[in-house]
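Hi,

Here is the model I promised to pass on.

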Amino acid sequence: MTDHPTSSDDATPVQDAPKDTPAAAPGDARPIVRLRGAGKAYGNVRALHGVDLSVHPGQVTCVLGDNGAGKSTLIKIISGLHQHTEGEFLIDGEAVHLSTPREALDKGIATVYQDLATVPLMPVWRNFFLGSELTKGPWPVRRLDIAAMKQTADTELRAMGIVLDDLDQPIGTLSGGQRQSVAIARAVYFGARVLILDEPTAALGVKQSGVVLKYIAAARDRGLGVIFITHNPHHAYMVGDHFSVLRLGTMELSASRADVTLEELTNHMAGGAELAALKHELAQVRGVDVAGLPEEQDLQASGAASKGTS
Ligand SMILES: Nc1ncnc2c1ncn2[C@@H]1O[C@H](COP(=O)(O)OP(=O)(O)OP(=O)(O)O)[C@@H](O)[C@H]1O
Ligand SMILES: [Mg+2]
């Protein structure tokens, strides 16, 4: 496993169309997935409202937002787990209502959930092919083609720059970052065009997060459209081409990389007014030094500036 943290190269946005995907020829601006004024109500609870989002091949679209902002609801619509109750959901320009994750998968939309659906005691190669095992021989003596699965898993992982010492080791012995990268390579191999990652770095330390960010960049360079859900504006800014910030179910910022700085993104995520209120509360607690924290008006000023660019 190459375990280097993200290099500065990875932080540079790659705007070029990927080289090995015909669907992403230069100048092809058509998004694979598009939401137009999309929303979702759970009974009386309106979890998402009026959301616009585009996912292009060879680009990383980051979805940021605080707890309960609607991030998971948004990806559940795109991954076929829930149906939208307002607006439009288009795949390759065609309006769809997906009823199962299988339907999304058939259209090339793969989701890597945080609690990865792996079997910890099974070897890495076995997990790579879980549910889609290669077989050989005629019926009724058809059996698993173990050699082919090991060979293919090895080739595919290497193609993504993932080098593991031993594919026979149980996947449960890999680090969180390594398991995420195996899941990413698996989605790429099984033909995903859109890869959705729900908070892949949330439970990881700095170094392991770097590993996952590196493979997000690798998937993007292979021509996939990536939807990267995160709380962390720094992680988003390392690999993102476009940033969408959700707040209380609506999109409060949608900006491409050229139109937003990391500082502005951080302020949007922090929520200027909430931070100022928090500062006020912390000031009442003995032993907390709030002198260095920014004032509400500073935060609002920079928030307004960034909003103007969206
Ligand atoms: N199945 C459901 N039934 C009713 N309300 C729901 C359901 N799922 C989510 N909600 C509500 O919708 C809103 C958005 O939730 P969602 O899980 O999409 O947020 P999130 O941005 O993913 O949050 P987190 O960062 O905590 O994962 C919340 O107010 C939540 O309580
Ligand atoms: Mg969530």
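Confidence first: the chain averages a pLDDT of 82, and 81% of the residues score at least 70 (pLDDT being the predictor's confidence in each residue, from 0 to 100). This is a predicted model, so local features need pLDDT of at least 70 and side-chain atom pairs count only at pLDDT 80 or more, while totals for chains, interfaces and linings use all residues. Residues are numbered from 1 along each chain as its sequence is written, with chains lettered from A and ligands numbered from 1 in the order in which they are written.

Both ends need a caveat. Residues 1–27 stay under 50 in pLDDT, and the model has 43 contacts for them beyond four places in sequence; a contact here is two residues whose C-beta atoms, placed from the backbone, lie within 7 Å. Residues 301–310 also stay under 50, with 20 such contacts.

On the overall fold, the chain has 11 helices and 12 strands, taken as DSSP runs (H or I, at least four residues, for helices; E, at least two, for strands) and numbered from the N terminus. Of the contacts between residues at least 6 apart in sequence, 71% join residues at least 24 apart. Buried residues make up 40% of the 310. Buried means 20 or more other C-beta atoms within 10 Å of the residue's own, exposed means 12 or fewer, and partly exposed is in between, with C-beta atoms placed from the backbone.

The largest nonpolar core holds 70 residues, and Ile 184, Val 194, Leu 195, Ile 216, Ile 227 and Phe 228 touch the most other members. (Such a core is a set of buried Ala, Val, Leu, Ile, Met, Phe, Trp, Tyr and Cys residues joined through C-beta atoms within 7 Å.) Helix H7 (residues 206–221) gives the most to this core, with 7 residues. Leaving out residues up to four places away in sequence, Ile 184 touches Val 112, Met 160, Leu 195, Tyr 215 and Ala 219.

Strand S11 (residues 242–247) is worth a look, with 5 of its 6 residues buried. Strand S3 (residues 60–65) runs parallel to S11 through 5 bridges (strands pair if DSSP finds at least two bridges between them), and there Val 63 is partnered with Ser 244. Strand S12 (residues 250–256) is antiparallel to S11, with 6 bridges, and Leu 246 has Met 251 as its partner. In this hairpin 2 residues separate the strands, and Leu 248 takes a positive phi near 50 degrees. Leu 248 counts as partly exposed, with 14 C-beta neighbours inside 10 Å.

The peptide bond from Trp 139 to Pro 140 is cis, with omega near 5 degrees; Pro 140 lies in the loop between strands S7 (135–136) and S8 (143–144).

Finally, the ligand. Residues around ligand 1 include Tyr 42, Val 45, Asn 67, Lys 71, Ser 72 and Thr 73, where a residue counts as near if its C-beta atom, placed from the backbone, lies within 6 Å. Strand S2 (45–55) and helix H2 (71–78) are the elements giving two or more residues to this shell, and H2 gives the most, with 3.

Cheers
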